[in-house]
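Colleague: I have the file open and would like to go through some of its contacts with you. Could we begin?

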Amino acid sequence: MTESTQWISQLLQRHARVLAQHGSTPSSDALQALNSLQLADALVDKRQLNREHPDHALQVAIIGPTQSGKSTLVNLLLDTQAASISALAGFTVHAQGYAVGYTEDELQMLTPMMDPLQRVPAAQLSASELDTYVLETVPSAPAALLDKAVAWDTPDFDSIDAGTYKRAVMNTVAIADIVVLMVSKDKYGDKSVWDMLQLIHPLALPLLVCINKLDPQDEQAVLQAFSSRYAQQFDTPLPPVILLPFVARNTPGQRVSLPEERLQQLREALSKAQAQVNRAAAMRASKAFIELHRQDWLAPLAEEQQAAATWQALIRSAMTDAEDQYSRDYLNNPDKYDTFNRALAELLTLLEIPGLAPMLSRTRQLVTWPARKLLGVGRDAFDKHSGSPRASGPVDQEALTLQRILDSTLVSLQGALLDQGHSQGRSQGGQQSFWMALSQEFRQREASIRATFLSNSEQVRKDFEPQIDAAAQQLYQQLQSQPTLLNSLRAARATADAAGVTLAVKSGGLAPTDLVLAPAMLSVTTLLTESALGKYLDSIKAELRERQRQHINTRLLQGILAAELRRLSTTLSADELYAQQLEPQLQAQLQAQLARQA
């Protein structure tokens with residue numbers, strides 16, 4: 001198979017795999033796509049056969065629905081009983097080719113055409129092994145209507161199980177130079193018959209139609225009905241239609257004979273069909289067939305990729321909402337935002353007073369980074385309404401906000417998945433399959449996503465602490481350029497610390513960080529705000545808030561949460577979807593098709 005057509009085989013495998021997941025209830029569109037893909041895949045091999053062996057044996061494929069008399073016609077064309085020697089005669093589920101006028105060596109070149117089916121002797125056919133076929137030589141006979149040809153008996157394409165062995169039918173149609181449609185008077189109007197005609201019509205192969213088992217009084221009415229419907233469905237001349245009478249047989253293997261008039265009609269129609277065989281034109285028609293169906297074949301892949309793009313858009317929207325919620329509920333909420341207070345707490349450690357340093361060291365030793373543990377500040381250590389101590393320790397407002405963001409993001413995305421699934425209805429198209437698979441994967445991975453987010457949240461916030469230290473250093477450096485203000489702050493710090501230490505001792509050391517640092521920071525903040533550095537203080541606070549927003553958004557929301565959510569669509573089961581991990585050739589075809597549609 002050439003590089004330019006390798007994508008057809010790749011796409012066929014994907015369609016077959018997805019269709020197998022639907023069991024016995026595939027959609028008609030899915031079945032039609034699979035059938036035409038199987039035919040196209042075999043047509044590629046036929047083109048290769050025509051190029052390498054332009055004079056290979058004439059191929060005549062007899063196709064039709066159940067009980068139409070295909071095997072009987074094969075025997076009639078070759079004047080043999082070969083097609084009825086199998087124990088499966090009467091219910092053909094394998095392709096069976098019988099060659100007259102050709103040696104075994106000459107038939108070997110045909111075997112690649114039937115891949116992936118395996119060639120076996122007729123006696124070894126088994127109803128449980130549908131991936132086999134027969135190709136045998138038969139002796140030339142004086143009454144044969146075909147000379148130097150291979151006549152193919154094919155499976156019934158309308159059987160309830162036809163989907164399991166339709167590949168044999170499609171391979172045989174692809175190898176054919178002439179197609180004979182064999183139908184009975186009870187079947188010629190069936191949808192399966194006209195679907196098959198619709199499928200093979202673009203190939204422009206010489207076609208004969210045999211309508212079998214007719215009573216004389218029904219012939220003209222059947223011919224008129226068939227001709228009228230053909231004219232409605234196709235814009236090409238009606239192919240030769242041979243009307244065959246009903247012939248009763250006493251035994252299944254009894255040789256059937258037709259009136260000479262009908263045999264002559266059949267002989268002449270076959271002769272004209274052989275004269276119309278043009279393998280070069282057939283190769284061009286096969287290329288046109290591929291172009292005709294390309295969009296339908298690639299449609300489920302395009303739909304899946306569109307659904308995947310929609311999922312990425314939903315994630316982006318959710319991350320925008322998450323970032324807004326973080327800013328609204330934490331960074332811009334004066335009752336909860338404590339990061340700048342942590343910078344001021346670090347500034348206090350830089351404003352050392354020699355006399356008080358030893359006394360304060362024990363208090364600070366009780367406090368370790370992350371600094372959020374320092375800052376219940378009366379708001380958290382005490383109930384703001386009653387003033388009584390809280391039963392629990394200080395609340396980590398940032399962690400609590402991020403937990404709420406995680407909850408709301410996952411809930412909103414789960415709702416979006418349900419909405420997308422419902423909006424696609426109950427079809428088996430690419431989008432519906434994608435959303436169903438993604439919803440299942442979301443449910444299975446939700447606990448893992450939560451755990452990953454929460455386990456990384458602690459480290460991500462800890463990694464921001466150097467920025468808090470840097471903000472404190474910036475403030476301290478500005479203070480060093482103004483000695484008077486610095487001394488005032490140190491005096492305020494000493495007074496606040498001394499009062500805090502006294503209160504801590506009297507309370508038995510309860511919440512020393514809250515008792516010491518709260519008044520200290522209040523004093524420092526007041527002096528800084530009222531000083532010439534007030535505007536600088538505001539700018540440092542704004543810069544710290546913006547850096548923290550970017551840090552949390554980049555490292556936690558995008559780097560962890562969004563990444564985990566995006567990964568969901570890349571780990572879906574390939575068995576249920578068309579477009580997972582596409583091969584380069586198939587991806588190129590899909591992109592080219594999308595570009596043509598744009």
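This is a predicted model: local features need pLDDT of at least 70, side-chain atom pairs count only at pLDDT 80 or more; totals for chains, interfaces and linings use all residues.

Colleague: How many salt bridges does the structure hold?

Modeller: The structure holds 27 salt bridges.

Colleague: Let us take Glu-323. Which residue does Glu-323 form a salt bridge with?

Modeller: The partner of Glu-323 is Arg-549, and their closest N and O atoms are 1.9 Å apart. This pair links distant parts of the chain, with Glu-323 in helix α9 (residues 279-331) and Arg-549 in helix α18 (residues 534-568), 226 residues apart.

Colleague: Is Glu-323 buried or exposed?

Modeller: Glu-323 counts as buried because its relative accessibility is 17%, and the cut-off for buried is under 20%.

Colleague: And what about Asp-407: which residue is its salt-bridge partner?

Modeller: Asp-407 forms a salt bridge with Arg-450, the closest N and O atoms lying 2.6 Å apart. Here, too, distant parts of the chain are linked: Asp-407 belongs to helix α13 (residues 397-423) and Arg-450 to helix α14 (residues 430-463), 43 residues apart.

Colleague: Why does Asp-407 count as partly exposed?

Modeller: Asp-407 counts as partly exposed because its relative accessibility is 28%. Arg-450 also counts as partly exposed, at 23%.

Colleague: Which residues are linked in a network of salt bridges?

Modeller: Glu-441, Arg-445, Glu-564 and Arg-567 are linked in such a network.

Colleague: Changing topic, where does Val-222 lie?

Modeller: Val-222 is part of helix α7, which spans residues 219-233. Val-222 is buried, with a relative accessible area of 7%.

Colleague: Leaving aside neighbours within four places in sequence, what is Val-222 in contact with?

Modeller: With those neighbours set aside, Val-222 is in contact with Tyr-188, Ile-211 and Leu-214.

Colleague: Now the strands. How many bridges join strand β2 to strand β4?

Modeller: Strand β2 (residues 95-100) and strand β4 (residues 132-137) run parallel and are joined by 5 bridges. Within this pairing, Tyr-98 stands opposite Glu-136 in β4.

Colleague: And how many bridges join strand β3 to β4?

Modeller: Strand β3 (residues 118-119) and β4 are joined by 2 bridges and run parallel. The bridge partner of Arg-119 in β4 is Tyr-133.

Conventions: Residues are numbered from 1 along each chain as its sequence is written. Side-chain values use heavy atoms; hydrogens and water are left out. Helices (H or I, at least four residues) and strands (E, at least two) are DSSP runs, numbered from the N terminus. Buried means under 20% relative accessible area, exposed over 50%, partly exposed in between (1.4 Å probe, protein chains only). Contact means heavy atoms within 4.5 Å. A salt bridge is a side-chain nitrogen of Lys or Arg within 4 Å of a carboxyl oxygen of Asp or Glu. Two strands pair if DSSP finds at least two bridges between them.
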